[in-house]
Amino acid sequence: MQATMLSIPDLIKKKRDGNALSDDDIQFFLQAVVENNIQEAQTGAMLMAIFMKGMVATETMALTKAMKLSGEVLSWPEEWAGLVVDKHSTGGVGDKVSLVLAPALAACGLKVPMISGRGLSHTGGTLDKLESIPGFNVSQPFPKLRSILAEVGCVIVGQTVSLVPADRILYALRDATSTVESLPLITGSIISKKAAESLNSLVLDVKFGRSAICKDLASAKALGESLVTAGNNLGMNTRAVFTHMSNPIGRCIGNSVEVIESLETLKGKGPSDLMELVSTLGGVLLVMTGKVSSLSEGGRLITESVTGGAALAKFQAMMVAQGVSNENAQSLCSAQADYHRILRRADHQTELRTHTQGVVMEIDGLVLAEVLHQLGAGRTNAGEPINHSVGAELLVSLGESVNKGRPWLRIHFESPALTPDQTSRLEGALTLGGSGDKPLRGSLIEDMIPPM
């Protein structure tokens, strides 16, 4: 085979010079990574060569497939055929969609083995949010994961050591080598993990805007099309929805506070923008699995599972199955829940007030997330501890008219406290317009690669 005749330096040089790697080349490289038969500097050099020179579609496909096969591939009972689904978001601010969508899909009869990630940089992680619930265990062995899925219909866990080990190694080095934004590397990372879940259908929430990885619709579509092509080529029915991500989703940003907002949403009292994402993404999956024939019908069924309480019951069952006590799960899901009896509340809260009157035109989610990250809500390096109680609540809505001195943001913090510079940045995140102005954003949904 060609790959066995080329050394690792030869492969790096081949890609550095702009040549396409063969399937054997890619397999040889990834095997060396997983078996630790390669210097870390060489892995970093290959990542940079891929970042600088890119990959053609056949290379990206070979990379994704080889990453998938670098570890364990999950399998499911025959009676679940066509029903195993998942959603992936490219990351945003206040993005708590998974906490509402997974139980809603389970309530509609689908199986959702959601393997999620932790927050890194300014984006929050689903696992971090769930771990703010005392007892919630995101590390489940596969037999237990399968039994939870059989009993409840949804499970949200972290990536296991045996699942796509090549991605675990490359993901950490991509961050260290500033190659995170590489389209083929993003595609390989996301789709290899989803393919190793042996999904029947996958919907991608590809976000664009100031608070997203993709800053404009064109770059989001390039990423979405790469992901959809790779997913479909690996046998997963894969589609994408392109959504705006500049203002925060919902009214809460942080870990504990987003769990509270998710629970309120599951009780039928959620913000409209969050429910729009949940019903749209869920509706797409219901069409993809043949449960419904139209997106409108799918969206309606998802909404009814939330407003009718079926999704809340699934979330409660999932909490108990993943280690939360019956008493705490029942209390959190009760109509008059005292959330902070169970979820940690930050020692301090402070409110920011408007300096003038006007109409709320924009709230810069990226600024809010970056300041909360500095206050302890996020991490810079993988494995760092975070403070689940740090967060923010928006006290105003887009398009709302506010008077001077109106509280518009509540910050939950401990140590360190807000600095004058951080306070100034937060104040600058709010944009007010004149009385006749209207915010630009209507629907969060801009476009999609729809179900066939």
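Biologist: Which residue in β5 stands opposite V203?

Modeller: In this predicted model, strand β4 (residues 201-208) pairs with β5 in the parallel sense, over eight bridges. Within that pairing, the residue of β5 that V203 faces is R239.

Biologist: How many of the eight residues of strand β5 are buried?

Modeller: A residue counts as buried when its relative accessible area is under 20%. Strand β5 (residues 237-244) is largely enclosed by the rest of the structure, because its buried residues number six.

Biologist: In what order do the four strands of the open sheet lie?

Modeller: The edge strands are β6 (252-254) and β7 (348-353), each of which pairs on one side only. The twist from one strand to the next averages 15°. The pairing is antiparallel, and the order is β6-β9-β11-β7.

Biologist: At what angle do helix α6 and helix α15 pack?

Modeller: The axes of α6 (residues 97-107) and α15 (residues 310-321) are 8 Å apart, and the packing angle is about 105°. Angles of 65 to 115 degrees count as roughly perpendicular, so α6 is roughly perpendicular to α15. On the α6 side the contact is made by L99, P103, A104, A106 and A107, and on the α15 side by A310, A311, K314 and F315. These residues divide into eight nonpolar, no polar and one charged, and the angle asked for is about 105°.

Biologist: Which residues of α15 are buried?

Modeller: Helix α15 has 12 residues and reaches 17 Å from its first C-alpha to its last, close to the 16 Å expected at 1.5 Å a residue. After α15 comes G323, with a positive phi near 110°. The buried residues of the helix are A311, L312, F315, M318, M319 and A321.

Biologist: Is V164 buried or exposed?

Modeller: V164 is found in the loop between β3 (154-158) and α9 (165-176). Most residues other than glycine have a negative phi, whereas V164 has a positive value near 45°. Because its relative accessibility is 0%, V164 counts as buried.

Biologist: Is S178 buried or exposed?

Modeller: S178 lies in the loop between α9 and α10 (183-196). Its phi is positive, about 55°, although S178 is not a glycine. The cut-off for an exposed residue is over 50% relative accessible area. With a relative accessible area of 52%, S178 is therefore exposed.

Biologist: Which residues in α9 meet E40, T43 and L47 in α4?

Modeller: Helix α4 (residues 40-53) and α9 pack at an angle of about 75°, with their axes 10 Å apart. That angle makes α4 roughly perpendicular to α9. The residues of this contact divide into three nonpolar, one polar and two charged. In α9, the residues that meet E40, T43 and L47 are L170, L173 and R174.

How values were computed: Residues numbered from 1 in each chain as written. Predicted model: local features only at pLDDT ≥ 70, side-chain atom pairs only at ≥ 80, totals over all residues. Heavy atoms only, no water. Axes fitted to C-alpha atoms, helices over the stretch in contact; angles between N-to-C directions. Helix = DSSP H or I, 4+ residues; strand = E, 2+ residues; numbered from the N terminus. Parallel < 35°, antiparallel > 145°, perpendicular 65-115°, else oblique. Contact = heavy atoms within 4.5 Å. Nonpolar A, V, L, I, M, F, W, Y, C, P; charged D, E, K, R; others polar. Expected span 1.5 Å × (residues − 1). Buried < 20%, exposed > 50% of the residue type's maximum accessible area, 1.4 Å probe, protein only. Pairing = 2+ DSSP bridges.
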